[in-house]
Number of protein chains: 2
Amino acid sequence: MIYLDNAASTKINETVLAEMIPFLKEQYGNPSSIHRYGRLAHKAVEKARKQIADLINADSSEILFTSGGTESNNTALFGIAKKYPQSRIITSSIEHDAILEPCKKLEKEGFDVIYLPVNKYGLVDPLILKKNLTKDTSLVSIMFGNNEVGTVEPIIDFTKICKDRNIIFHTDAVQAVGKIPINVKELGIDLLSISSHKIHGPKGIGALYIRKGISIDPVILGGGQENGLRSGTENVSNIVGFGKACELSRVNFFKNVSKMKELRDYISKKIILEIPEVTLNGHPETRLPNNIHLTFLGVNGEDLLIKLDENGIAASTGSACSVQIQKASHVLQAMGFSHEQITGSLRLTLGISNNLEEMNKTVEILKNVVAELRSVSPFKEKYSF
Amino acid sequence: MIYLDNAASTKINETVLAEMIPFLKEQYGNPSSIHRYGRLAHKAVEKARKQIADLINADSSEILFTSGGTESNNTALFGIAKKYPQSRIITSSIEHDAILEPCKKLEKEGFDVIYLPVNKYGLVDPLILKKNLTKDTSLVSIMFGNNEVGTVEPIIDFTKICKDRNIIFHTDAVQAVGKIPINVKELGIDLLSISSHKIHGPKGIGALYIRKGISIDPVILGGGQENGLRSGTENVSNIVGFGKACELSRVNFFKNVSKMKELRDYISKKIILEIPEVTLNGHPETRLPNNIHLTFLGVNGEDLLIKLDENGIAASTGSACSVQIQKASHVLQAMGFSHEQITGSLRLTLGISNNLEEMNKTVEILKNVVAELRSVSPFKEKYSF
């Protein structure tokens, strides 16, 4: 199989798994226990916290472990919202459901939630953000890199605007971490969500960066782990793996990114050149290095996926996180895409292990599969397939 | 090391880890993805769901995956509370903090929370529960087996009382699962919390049994996984391990329990016989098969733990989940223990791998360590050490 769905999940790096194994075998202590087993587990958790902090230039004390990107986003939104009842919360219309669904809930609870529009590239205009800020705005949450079309938002423009007005800024950086250089201090970010399994670490673990000085209410209460901000026995093995994945991501950052970019640009050009009536979506320049989002007019994306799968290629139509419900992408809708354009969309997302041969093979198969599907398309007459 | 802190965390069973490995290596798909990787991951999650359901005689559709026992408890309490604003919620005074802390939060939000007292054995009296039920009582949450002293509560008496009045009954069964036979249908339980790492499965994964017909509000929102009740990419490898741990727990139930009971009774008797001024706490009969909770008068439990650790024994003073904060046990306080009794307490909790030789060695070391500490105790004159 050629795996081109790295935005959905990635393969755990072998070095990462090797670091996890002792904590799945003999090092099974509870980090809260006083004895040797407990102390070793505690030490491992703190080492990982530092590895995660280092990736984004944070302090260890600013890293909160969660069960993943979704919980990080929920913790940021609910955690801040509880502190500022009935305030205005501003987000964008192209966020992941892990932002949009909590926002909808907060709206029902009386918060004034604003969903900023985007342009055809999926970009939020800082001027529009500025116009929507009010005195009672508590939080702005705009994603770093979009999970469907790959567009990278002008985060520093947003943080500057927020800083001037003392408004807290959160970003869902689940897709951007390890792909875009992120220095939370330089960028002036207050809260940032990370997921382990998007950067070749294990699933079920993530983090929320909380800048020193920002106070949140916990979502999950109990034994008081994570300084009382997230209770529950720490997922030690996955935390250790997550830490190692962050370290590898930091150390190999430029190598990884340049490799992914090269492959991305190669396959993008080849597809545009060899397949008719295809468009590349998202911003052509400021985009994630591993994302290729395409529209094949006259083709149903679902059919395309199934055909690709039959031919040994794992891809996606958009977000994998919307549990097999076939709903039209809200991201593409917000970007002004027609129903037909949305239907014909395909997302290819690269990982660190992909290679040129796979790119060539993918284009070959894609060419055949698209032609096959178009030959029976009801839109056949409309286009010059 | 002799590991006698299995109530804090357990060693992952080798067979469990073997089942997890493929999902930490080549089977890295996101269960929501349509392609082969996704389908395999999805299938594995559903297989595990059945294994968990089978352990407690539930249907697969009644099992909700969470990040652990704490999240399960939070989901039960907040999930029901949201449905019945300002109602009465009844719990006990010896619950884990993962119940007590959410209850305190709900109290602040206007819920009428009642903390039932216990007798000297840690038992909640069903008659007292009955007396506290009102027309606006929405939920009763009483733990199955106590994590500190091991007392097992008369769950069926509670569920009968609740059923008559249409009140939802939840139990935190984190310590009881795999140790006490649990048939949710026979027992008439509506909601039940399970944790994987207490039964020789991995950390960071748990489940909430939700009886068909019971409706809860989700705590974590997003992509709509787990039928919209718990969003976030599934922790596939840990879910698979958790499933296998439940299967092993079911298959080897009587073997495991009788072995633990035998060792527990052996070491309990030996300690009582060979060490002066020691009491066995919790209920003498209806108790978890792996729990031994003791008070050594004139000894400081913390000192005892450190000495035991130095001598190669991993034990606990009580709950491991209260993050190294040295606060007096609320469980022992509720049972009417004096400060001195609380201070001198020690918890030994057995796992499936402990053996007789370890028990003998533990008593030998305990005897010496207790004598050593007592020789410098300020209470020396008070007792006949």
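Predicted model: local features only at pLDDT ≥ 70, side-chain atom pairs only at ≥ 80, totals over all residues.
Where in chain A is the place of Asp190(A)? Asp190(A) sits in the loop between helix H7 (184-187) and strand E7 (191-195); helices (H or I, at least four residues) and strands (E, at least two) are DSSP runs, numbered from the N terminus.

Residues are numbered from 1 along each chain as its sequence is written, chains are lettered from A in the order in which they are written, and side-chain values use heavy atoms, with hydrogens and water left out.

To return to Asp190(A): its relative accessibility is 3%, so Asp190(A) counts as buried, that is, under 20% relative accessible area with a 1.4 Å probe, protein chains only. A polar atom of its side chain lies 2.8 Å from the backbone nitrogen of Phe169(A). The side chain of Asp190(A) also makes a polar contact of 2.7 Å with that of Arg211(A); the term denotes a pair of N or O atoms within 3.5 Å, one able to donate a hydrogen and the other to accept it, and residues adjacent in sequence count only if both atoms are side-chain atoms.

I turn now to the interface. Chain A and chain B each give 68 residues to the contact, meaning heavy atoms within 4.5 Å. Six salt bridges are found across this interface, a salt bridge being a side-chain nitrogen of Lys or Arg within 4 Å of a carboxyl oxygen of Asp or Glu. Arg230(A) and Glu71(B) meet in a salt bridge at 4.0 Å, N to O.

Key: Buried < 20%, exposed > 50% of the residue type's maximum accessible area, 1.4 Å probe, protein only.
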